Amino acid sequence: MRQIDHFISGGAGASATRFGDIMDPNNGGVQARVALGDAAVLERAVQAASAAQPAWAATNPQRRARVMFEFKRLVEANMDDLAHMLSSEHGKVIADSKGDIQRGLEVIEFCCGIPHVMKGEYSQGAGPGIDVYSMRQPIGIGAGITPFNFPGMIPLWMCGPAIATGNAFIIKPSERDPSVPVRLAELFIEAGLPEGICQVVHGDKEMVDAILDHPAIGAVSFVGSSDIAHYVYNRGVANGKRVQAMGGAKNHGIVMPDADLDQVVNDLAGAAFGSAGERCMALPVVVPVGEETAERLKAKLIPAIEALRVGVSTDAQAHYGPVVTAQHKAKVEGWIQTCVDEGGELIVDGRGFKLQGHEEGFFIGPTLFDHVTTDMESYKEEIFGPVLQIVRAANFEEALALPSKHQYGNGVAIFTRNGHAAREFAARVNVGMVGINVPIPVPVAYHSFGGWKRSAFGDTNQHGMEGVKFWTKVKTITQRWPDGSPDGGNAFVIPTMG
Ligand code: NAD
């Protein structure tokens, strides 16, 4: 059986005694196994990182940027292979896997400009003969812990800025689809990155804890579910590390009475069901404003949802593929039952969906609920599957309160033709990323990504200037070049600039 090993110091390394199964979501079998590492494996990676990092940090930023340019070229040249690899382990359709990698590559494009964005600040003549300047220096060794749902984009969110700014970076990908991050690390070496600067260690909680406890790792970036994010944040910070930990989501799409409903239905179908709903920026809740809007929307949504094509990830006509594992399928179907039990009106039921020829695959048909209310557990919690819940609101204020009061605050969208309503909504909603007639408002690479409330712990976002800040420390130098004449100041009084 194919085995996915750690990638340490430029090659497959370290023997393993524990392994995890990598499933084939299209067919239901085990397709490979991944080594599950421990503190000893991590130690080897940290040793290699410590040996390589000083010279990498001393490499001038333009040369570091050249590695990013070449890496981008190589990823583009290998896009088809990477997308097939990603789809075969995750289950998302090939076009969506290409999008997953492309969104990550856009962060690498930003990192090609690292010489410009790492320029420091300088104040000449801050006092007599005194200049002050500040510079950004790498943390040293950084680590990333990533979820299963974007095995291309999220590792690239982290390793791009971490490496470009001069750090050594160790990634611990999801043990459910770890092959793409390993391939990306190989391509970095091919692009000219020194060995030890981008490494991959695999594992579960044991490896995560080893990372959080290792004294040589100065910064940890995590993306995953909220309870684990909170745990990672607390343990990492308690150990004196810089930590950013992105968590789960339950994003709402507000539909105002004046919205273009055909466009909204098209947007919702993609945002709720694309990638089988396994996106932290999916729109699993739609909030029509007013009963009349709700009825019109429902009438258009039902046929659109029933027309969705569920297929294997290589089916170019499929709108979405299977979910990642049998356990995840059971969990999503469990939430559908919970919503039924809680009184949600089940309009389209995706349970029991079987794809001919792939009866053992982890497929779930699209599911639609109406009359979901805020007291239901299935509304409060993240389902992370192809399930859309309609929560009706009587007016704008009621609609605004729903995402604002929800425990998660990752993304939200409003659909309207009314600029004033959109502006008011964007200003007042208690959520980190807002779309105005944009269903999935994932910010472009040179802005930054981050939710609020239980969707993110820590105060720095991913990528853009926030990423540069996260992976660097600021050093500020105050220099004086006296002209030789005595300054006559009182050395016992705190110096001021007069
Ligand atoms: P997960 O929390 O199960 O796993 C994420 C990472 O944590 C993996 O690398 C995993 O090995 C590790 N992990 C799992 N259990 C652990 C434990 N007990 N202790 C320590 N580490 C542990 O998440 P997932 O199922 O892979 O991904 C889906 C989740 O990620 C969803 O909640 C989704 O909303 C969230 N997500 C959030 C964002 C964001 O930016 N906010 C982006 C993508 C996904």
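Which residues does Ile211 touch, not counting residues up to four places away in sequence? Ile211 touches Leu42, Ala143, Ile145, Lys172, Val201, Ile217, Val220 and Lys241, where contact means heavy atoms within 4.5 Å.

Before continuing, I should state the basis of these values. This is a predicted model, in which local features need pLDDT of at least 70 and side-chain atom pairs count only at pLDDT 80 or more, while totals for chains, interfaces and linings use all residues. Residues are numbered from 1 along each chain as its sequence is written, and side-chain values use heavy atoms, with hydrogens and water left out.

I begin with the division of the chain. The protein chain is divided into domain 1 (2–247 + 455–477) and domain 2 (252–436); such bounds come from an automatic or database domain assignment. The centres of the two domains, taken over C-alpha atoms, are separated by 31 Å. At their interface, 21 residues of domain 1 are in contact with 25 residues of domain 2. Between them the domains bury about 1900 Å², 56% of it on carbon and sulfur atoms; buried area is the accessible area (1.4 Å probe) that two parts lose on being put together, summed over both. On the domain 1 side, Asn26, Val93 and Ser455 lose the most area to domain 2, together 28% of what that side buries.

I turn now to the interior. A nonpolar core is a set of buried Ala, Val, Leu, Ile, Met, Phe, Trp, Tyr and Cys residues joined through side-chain atoms within 4.5 Å. Buried means under 20% relative accessible area, exposed over 50%, and partly exposed in between (1.4 Å probe, protein chains only). The largest nonpolar core has 91 residues, and those with the most contacts inside it are Leu42, Phe71, Ile163, Phe188, Val201 and Ile211. Helix α6 (residues 153–164) gives the most to this core, with nine residues. Helices (H or I, at least four residues) and strands (E, at least two) are DSSP runs, numbered from the N terminus. Because domain 1 and domain 2 both give residues to this core, it lies between them. A second, separate core has 59 residues, among them Ala269, Val310, Val348 and Val429.

Two threonines lie in the loops on either side of α6. Thr146 is in the loop between β8 (141–145) and α6, and Thr165 is in the loop between α6 and β9 (168–172). Why does Thr146 count as buried? The reason is its relative accessibility of 7%. Outside four places in sequence, Thr146 touches Ile154, Pro155, Met158, Ile171, Lys172, Pro173, Ser174 and Val223. Thr165 also counts as buried, because its relative accessibility is 0%. Leaving aside neighbours within four places in sequence, the contacts of Thr165 include Arg64, Met118, Val468 and Trp471.

Next comes helix α3 (residues 79–90). At 1.5 Å a residue, its 12 residues should span 16 Å, and its end C-alpha atoms are 16 Å apart, which agrees; the expected span is 1.5 Å times one less than the number of residues. The buried residues of α3 are Met79, Leu82, Ala83, Leu86, Ser87, Glu89 and His90. Their cover includes β1 (2–4), β4 (18–23) and α7 (179–190). Gly91 follows α3 and has a positive phi, near 105°.

Strand β1 holds Ile4, which is buried, with a relative accessible area of 6%. Among the residues in contact with Ile4, leaving aside neighbours within four places in sequence, are Ile22, Glu89 and His202. Ile4 and Ile22 are 18 residues apart in sequence and 9.4 Å apart in space, C-alpha to C-alpha.

Strands β6 (residues 121–127) and β7 (residues 130–138) run antiparallel and are joined by four bridges; two strands pair if DSSP finds at least two bridges between them. Gly127 stands opposite Ile130 in β7. Two residues lie between the strands, and Gly129 takes a positive phi near 70°.

Most residues other than glycine have a negative phi. Ser275, however, has a positive phi near 55°, and Phe384 has a positive phi of about 60°. Ser275 lies in the loop between α10 (261–273) and β14 (285–288), and is buried, with a relative accessible area of 4%. Phe384 lies in the loop between α13 (377–380) and β17 (387–390), and is buried, with a relative accessible area of 16%.
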